[in-house]
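Subject: A structure for you to explore

Hi there,

Here is the structure I promised to pass on. Have a look at it first, and then read my notes below.

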Amino acid sequence: MKWRLLLCIFYLFPVILIHAQPAVYDRITIEQGLSQGMIFDLLQTRDGFLWVATKDGLNRYDGYNFQIFRNNPFDAFSLSDNETLHLFEDSRGWLWIGLQNKGMDLYEPKSGRFYHFPFQFQGINGYSFIRQIAEDRDGSIWVIQGRDVLVHVQIPASWKDGLPDKSELIGEVVAKQVPVETYRKEEIMIRMEPGADGLNLFSTEKQYRIDRQAGVARPVGNPLLPSYIGSVAVQKNKKDAWAAGNQDELFCMSAEGRVRYQSPVPWLRYHYFIDYDRDGRYWMAHGNKLWELRADRPFDYSRPDWETDRDINCMEVDRNGNIWLGTQGYGLRRINPGRQLFHPEVSGQSTWRVWQSPTGARFWRDISCIYPFEAKKTPEGLETAFPEWGLERNMDLLFDSNGGFWMLGVPEKDNFQGILRYYTADKKLLRTYSFAMNMYDYMRLVRGRDGNIWITGGSGQLLRFHPDNGRIEYFSYAHLFGEKVSTAQALALTEDGNGDLWIGTKLGLVKARWSGGTPDFQLLEVNPDNPHGLNSNVIACLLPDPAEPAHWLWIGTKGGGINRMDLQTGRCEHLTMADGLPDQVIYGILPGNEKGGEQPISLWCSTNRGLVRLVPRATNPLSADIITYTAAKGLQDNEFNTQAFFKAANGELLFGGVNGVNRFFPEALRADTTRMPVYLVGLEINHQSALFGQAGSPLTEPLENLRELTLPYDENNVSFEFAALDFTDPSQNRYRYLLEGLDAEWVNTGNIRFAHFTHLEPGRYKFRVQGTNGQGKWQEMTHPVVLVIRPPWYRSPLAYVLYVLALVWAGWHLYRFQIRRVQEREQLAFEHRETERLKVLEQMKTDFFSNITHEFRTPLTLILEPARRILAETTEPNTRRNAQHVETNSRRLLALVNQLLDMAKLENGSMGLDLCMGDLTEQVRSIFQSFEPLAEQQGVQFLLETPDAVPPAHFDLNKVELVVSNLISNALKFTPAGGKVIVTCKNAPDSGQAAEISVSDTGIGIPPDALGKIFDRFY
């Protein structure tokens, strides 16, 4: 359990000056979003978030941003007091917060609510702050309040199903003050510790054990404790414990007894503490210094493990091993112990080359001179490693296994004269050789397998030096570059397992194969038509594969990443940023110290964005695990330099950059594979931040617990912010996301922590995020989020049901319509067939009547002619009258026969008019007279009226007779006895060229609904 400084933090104490190595740490202050610089307590909860108790609010850190919790008077479930002092996470995952003025708060992560326990106990001596919180084995909570109050809080069993829906819970629990026997007011409770035999309590003078049944704390005799206890740390089931006394003494207590250490300076009361971390390591802070307390080594006050710029108030070691320190008013300090493994040296110098001799001497070079690592500043500048040599420029060093070495230099600014000198391990000059060569700053000195030394020169020059006899041979590959040879400077030189020499230049890769004692030079360069060739012409470094030097060649380029060439086929495979490299520029490649076999040999590569560890996979060496180390993990800087890399005989690797040199043993740098949780930490909807608890927010729970988010169709622009809780170097954390339902595969975002989706179609999606620190496996987000975009009303399920019903209704009616169409078509076809049949029948009838009519004309003519003769030959009145009737009716019958013939003509469309000039009135009178006997017989009054003198006119006599006869016949037919029928012939009104013939009667008439059908046949 933790104890934190609470009272004297408001006072300043003098800093105790001591000679100690300052730690490399990061400052995190209010400039990075921290609410306040006075840090009272630190705690990383099981979900991975780092909580910071400050004088102004409670902070939660995700590695990038701080979420600040403060009191909101309009929110009953907000933090009740902004001055937070102590933090404790219990077995349920609840976070308990000790406050300065208002007792204790409980934060429930699932709901995001703060519940309040404002203790009001007597005997606090004016102090109501919460000093410490601990959990008993039954789940109850013990609290040290003020200087002299011990409180026991029993948690109701029903709370396991959920906390009550009320902000203040002091009335829902049994909270009582526990008396401490023989407790004196001047003693101050300083710590509670769960022990194997119960809960222990320590004051400044005694150790107590809490009797749970009796509800009292009783003193326990512990002879190992000092007479005055300033700070103590005791871990359950640990064999050792530590305590500090008031006589500047530190005690290590174990089963073997007590070991006392005397401090050379006085303790500052309340200005130091002893604590332990999650791994069980003990720590002590005093002022601005921090020691790890170990029973297996003596405590040395003069050699702190870490030293910061400000006094330490509290500490926490996170799950990745980072040490977090809270200061008194100056924010947080973060120490990454892994930084020390890189051993940064020569700080502030841009290093061009680095070396380490077999005897352990280390050297570095700037643009022209070589210096030892321990070079000191002088008024004239840095002291060189070899001031007696008198060389204007030192180019390169080459060491023998016995410690002797060769040095390549240029005297007196002569760019065309080189000097090669051999020295013993103690810097005694043995031999000097001169040679003519075009000198330049990046000349290389490399020993071949045969023991000869190769030296690169400018303008395509190559020199081979034989150390045994001092013979020098000159070669040139200038013809490969033509006029560009002056810019084709060699940066890299190596010999592969086949004995071929490879020269990396700024214009391509040169291969030298020996044939008959002379080299055959070949230039390999980028060919756009060959995707399996080099992808960059600027070659910075070369390394034959450590396991198969005759088969593979690793090539570091400036712009193309890493190329791996198959020496048998010349085929190149490429490893670039798309595969996980942090940069396309590779300055140096060195092998690790693995022995090969089942464990592949790792490659260490310097870049402009950190140091890369490449671990080839056995199945495909180019498909590798890539781990990136940056300045945040102890490098001199993220940017390294060309040729500034070296592997020492003892396996130590040296890489130089713009701010010094890093040296390290690669096997000491173990990958941090600690599982890191990934959470959502931010959400924007339609470019507006969505916060839990905000009015109108769609969030029903805190973002880190969000499982489903439902939005309307017009809020379909969504941005997620996520964070992987590895605080070692958050800038190197990598992310990828997948929106199931939209993305077909994972989207890699590098170190970008945002995913933006615009104009999402209505539907159901699942948002997933994975993160990695570059050293471990990809970790899935703790809670994938189901994202539901509701459709508009016209695309809702109910709308689709209505659409289906409408389609069914329309389909049914269309079906009925088609049925009716078929029925009507069948009916029309039937009627057509029936009409055709009737036409046939009519034609047959017409033909029959025509034939009969023609047959009638002959007998009628035979009857009419005798009647005419009788009328001409006889004078007897009766006979003439009868003969007259015979003639008249025969004529009428003949007219009827003619009408039948006319009807046939009418139906055949061959009916015409036979116009003649005549007296229309006389014609009507003649017809009228023919119906007089019928009218007399029926008792109908039959009248003819001719009010006007109708002038002679052209008309068809037969047609007029036919029409008028039909009208009179119908009138007499439907007029009862006593009725009247009037026939009128007169001039048509308002017309001087037409006549009007009308027949009116007093009969039953024509019904109004039948007037439209009077011209229908046989109606």
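Which side chain does a polar contact of 2.7 Å join to that of Glu135? The partner is Ser91; a polar contact is a pair of N or O atoms within 3.5 Å, where within protein one must be able to donate a hydrogen and the other to accept it, and residues adjacent in sequence count only if both atoms are side-chain atoms.

Before going on, please note that this is a predicted model, in which local features need pLDDT of at least 70 and side-chain atom pairs count only at pLDDT 80 or more, while totals for chains, interfaces and linings use all residues. Residues are numbered from 1 along each chain as its sequence is written, and side-chain values use heavy atoms, with hydrogens and water left out.

Glu135 belongs to strand S10 (residues 130-135); strands are DSSP runs of E with at least two residues, helices are runs of H or I with at least four, and both are numbered from the N terminus. Glu135 is buried, at 15% relative accessible area (buried means under 20%, with a 1.4 Å probe and protein chains only). Beyond four places in sequence, its contacts (heavy atoms within 4.5 Å) include Phe88, Arg92 and Pro194.

Thr921, in helix H3 (residues 920-938), is also buried, at 10%. Thr946, Val950 and Cys985 are in contact with Thr921, leaving aside its neighbours within four places in sequence.

Lastly, strands S36 (residues 405-410) and S37 (residues 417-423) run antiparallel, joined by five bridges (strands pair if DSSP finds at least two bridges between them). Gly409 has Ile419 in S37 as its bridge partner.

Enjoy exploring!

Note on methods
Buried means under 20% relative accessible area, exposed over 50%, partly exposed in between (1.4 Å probe, protein chains only).
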